[in-house]
Amino acid sequence: MKIHHVACLEDNYAYLIIDESTKEAAAVDPVEPEKVLKAAQEHGVDIKLVLTTHHHWDHAGGNEKIKQLVPGIKIYGGSIDNVKGCTDKVDNGDKISLGADVHILSLHTPCHTKGHISYYVTNKEGDDPTVFTGDTLFIAGCGKFFEGTAEQMHQSLCVTLGSLPKPTRVYCGHEYTVKNLQFALTVEPGNEKIKQKLSWAQKQRETGLPTVPSTIEEEMETNPFMRADLPELQERVGCKTAVEALREIRQRKDTWRG
């Protein structure tokens, strides 16, 4: 299994998930279909299906076009998210197959949108699993609470995604990492792991390289939203529970001007 980034719009990422044995691929959030199809052509693969994380135009906005360009393509999206162009609705726990070896599990991760789906991908070769988190989990951050609550985001981040194997590679919907880590340092100024990752991320961006993927383990060390369960972090932001801490950190982030 191979994963390829396709940079789209200003700071979005679409992805190709490739089953190498059959040269079949899935496209995640192909907002610029021509660009994604060109990347598929370069890698010698056929896109068989689309995985849409949520209904926002910068993720689902290419679905209708890709249906025209690839007749018969399947478009997966959350059953309650009203995803444009969706042909196959998925709920938490639904499974999708790609090629001969790739297995995709749908995880309902609501809050940013009420029907947001993250896709957990494994293969028979036993490579490290991957998860495509759209705008729920960013590297060192999380999405705004547009259609949900702090309770839901806590469940999505700290329970659903937080229970995935630690080596799981995290591919998110946007290149927001540098800003997110700069903000994370305002929450935990003494966190050495955040400082190290920020320095690395800045170098990546200076050379035009992505900061994605991360891993679930790295997020647990550097992402304040995934660290909301820690009593010392709760104390630092003046809260007594993980949900309160998550809400407080999100409110600070929403007004932070960095």
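**Briefing: a sheet, a helix and a pocket**

UniProt lists residues 11–174 as "domain: Metallo-beta-lactamase", in an unreviewed entry. Such annotations may be inferred rather than shown by experiment, and feature names are shortened. This is a predicted model: local features need pLDDT of at least 70, side-chain atom pairs count only at pLDDT 80 or more, and totals for chains, interfaces and linings use all residues. Residues are numbered from 1 along each chain as its sequence is written, and side-chain values use heavy atoms, without hydrogens and water.

**The listed span**
- The end C-alpha atoms of residues 11–174 lie 5 Å apart.
- This span is 20% helix and 35% strand. Helices (H or I, at least four residues) and strands (E, at least two) are DSSP runs, numbered from the N terminus.

**The sheet**
- Six strands form an open, mixed sheet in the order S1-S2-S3-S4-S5-S6. Two strands pair if DSSP finds at least two bridges between them.
- The edge strands, S1 (2–8) and S6 (88–90), each pair on one side only.
- S2 (residues 12–19) and S3 (residues 24–28) are antiparallel, with five bridges.
- Leu16 stands opposite Ala27 in S3.

**The helix on the sheet**
- Helix H1 (residues 33–42) packs on the sheet and touches S1, S2, S3 and S4 (46–51). Contact means heavy atoms within 4.5 Å.

**Pocket lining by class**
- The lining of the largest pocket has five nonpolar, six polar and eight charged residues. Ala, Val, Leu, Ile, Met, Phe, Trp, Tyr, Cys and Pro count as nonpolar, Asp, Glu, Lys and Arg as charged, and the others, Gly among them, as polar. A pocket is an open set of points on a 1 Å grid over the protein atoms alone, where a 1.4 Å probe fits, with protein on both sides within 12 Å along at least five of seven lines; lining residues have an atom within 4 Å of a point.
- H9 gives the most to this lining, with three residues.

Terms used. Axes fitted to C-alpha atoms, helices over the stretch in contact; angles between N-to-C directions.
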